[in-house]
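Please open the model in a viewer and keep the selection panel at hand.

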Amino acid sequence: MEEATEHTQTETREAGFRLRALFKGDRVIWVVFMLLSVISLVAVYSSIGLEAYTHFTSKTPTALFFRHLLIVLATYVVVIILSRINYRYFSRFAVLGYWFSLALLAIMLALHGRWLRLPIIGQFQPSEIAKVVLIIFVARMLALKKGATEDLGTFLMLLIYIVMVVGLVLPENFSTAALIFLSAYLVMLFGGVSRTYWWRLMLVGLVVVMAFLAISYYRYEKSLSMQASGETTEHVIKRRATWGHRLYSWVNRDFDELSQENMAKMAIARGGIVGAGIGSTIHARLMTQTHNDFIYAIIIEETGMAGGIIVFALYSILYFRCIRLAWRCKGRFGALMVAGLGTMIYLQALVNMSVAVGVLPVTGQTLPFISYGGTAYLFLGAALGIIQSVAADVSRQDAVEKDREIGEVADAEMEVVES
């Protein structure tokens with residue numbers, strides 16, 4: 001009996017060792033990712049129905065759910081594979097990845113589209129690649145420029161690289177362009193560029209963006225009055241009408257309209273403190289973007305503000321662990337890369353949640369690791385895998401230092417005994 005118990009305990013320990021060997025990196029980040037993916041599966045299953053019947057008439061909600069499940073499982077594979085790679089290798093491919101993503105973005109701009117369709121893979125947005133690659137590239141350049149990061153030349157050089165990507169994304173996707181710029185620009189701050197230059201350009205950029213959005217708003221307002229009088233108007237930038245419409249709808253809220261934004265607020269109001277219960281959503285049956293843009297509202301409807309706070313807390317814990325990891329990482333490239341990728345994921349989550357509760361106008365940004373899966377889910381998984389790669393390296397370094405300290409203590413004790 002005792003031998004059977006010991007055998008069982010041995011097998012349990014060995015299984016635990018194999019599991020830890022498989023999931024390398026920061027354990028807390030792994031737990032957060034697993035919890036977010038479980039929430040994703042439940043929330044997508046609750047909210048995918050109307051989308052299936054309106055946009056995927058050949059597929060059932062169950063079929064779309066299993067597609068999402070496959071994407072989630074594939075993302076786990078991506079994270080596991082990348083976490084086992086020495087993060088320094090990513091620096092070698094950063095330059096190639098940067099120019100490759102730039103070429104894809106240029107092609108999409110020439111085609112006046114946001115999505116690229118490939119055989120087997122299906123649709124994907126090149127901007128999702130650019131979000132991850134640009135941060136790695138900027139981290140690499142800052143690591144190489146150590147000691148000269150405060151020079152104006154370094155600042156302008158990095159800014160040109162960032163603006164080249166943002167400029168190609170902007171005409172078709174303002175919110176993604178803003179997210180990419182802010183994430184990469186914060187990496188510059190983390191990397192030690194001149195704070196004087198950084199803050200001056202930030203202020204100028206805010207003024208330019210506010211002016212641009214104000215122009216888009218008033219041009220859209222003018223177009224409404226012209227359409228009412230039977231006239232027509234054209235916009236120089238294809239997406240400006242969309243930006244103007246979203247701003248106009250956000251500022252001049254018509255609470256009697258059955259819009260996506262109003263139904264998201266009704267879903268949140270229905271959720272209350274503890275929610276209506278998982279699977280009891282009503283508004284997901286009426287909204288077409290609940291599985292993507294407004295999935296946070298459905299989570300609150302079903303689990304209440306308690307569930308919404310838990311989701312927010314999970315993202316905050318993930319970001320805190322990334323920043324903590326960046327401080328512990330001895331390599332400058334790894335530290336900047338983790339801080340940048342963690343910032344990008346956190347900012348995107350904050351934007352999505354802010355849209356769902358009405359703090360920001362609709363942006364089209366998905367909720368990381370929760371919204372309906374696709375290439376965006378996979379590339380965010382790639383970012384998390386790179387973060388875990390750095391975490392695994394930090395753990396190895398800590399283990400080596402701990403062994404060295406133990407060896408030094410043992411040597412000191414031996415000297416005392418011998419003396």
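What should the 17 residues of helix α9 (residues 174–190) span at 1.5 Å a residue, and how far apart are its end C-alpha atoms? Select residues 174–190 in this predicted model.

Next, colour α9 by burial. Of its 17 residues, 13 are buried, so the helix is largely enclosed by the rest of the structure. Then step just past α9 to Gly 192, where phi is positive, at about 95°.

Now select helix α6 (residues 94–110) together with helix α7 (residues 126–144). Their axes come within 9 Å and cross at roughly 145°, and the crossing of α6 past α7 is left-handed. To display the contact on the α6 side, show residues including Ala 94, Gly 97, Tyr 98, Leu 104 and Met 108. On the α7 side, show residues including Pro 126, Ile 129, Val 133, Phe 137 and Arg 140. Classified by residue type, this contact comprises 13 nonpolar, three polar and one charged residues.

Finally, select the entire chain. Its secondary structure consists of 15 helices and two strands. Of the 419 residues, 46% count as buried. The accessible surface of the chain comes to about 21,300 Å², with 66% of that area belonging to carbon and sulfur atoms. Among contacts between residues at least 6 apart in sequence, 74% join residues at least 24 apart.

Definitions and conventions:
Residues are numbered from 1 along each chain as its sequence is written. This is a predicted model: local features need pLDDT of at least 70, side-chain atom pairs count only at pLDDT 80 or more; totals for chains, interfaces and linings use all residues. Side-chain values use heavy atoms; hydrogens and water are left out. Axes are lines fitted to C-alpha atoms, for helices over the stretch in contact, and angles run from 0 to 180 degrees between N-to-C directions. Helices (H or I, at least four residues) and strands (E, at least two) are DSSP runs, numbered from the N terminus. A crossing is left-handed if the near helix is turned anticlockwise from the far one by less than a right angle, and right-handed if clockwise. Contact means heavy atoms within 4.5 Å. Ala, Val, Leu, Ile, Met, Phe, Trp, Tyr, Cys and Pro count as nonpolar, Asp, Glu, Lys and Arg as charged, and the others, Gly among them, as polar. Buried means under 20% relative accessible area, exposed over 50%, partly exposed in between (1.4 Å probe, protein chains only). Accessible areas come from the Shrake-Rupley method with a 1.4 Å probe; for residues, only the protein chains shown count as cover. The expected span of a helix is 1.5 Å times one less than its number of residues.
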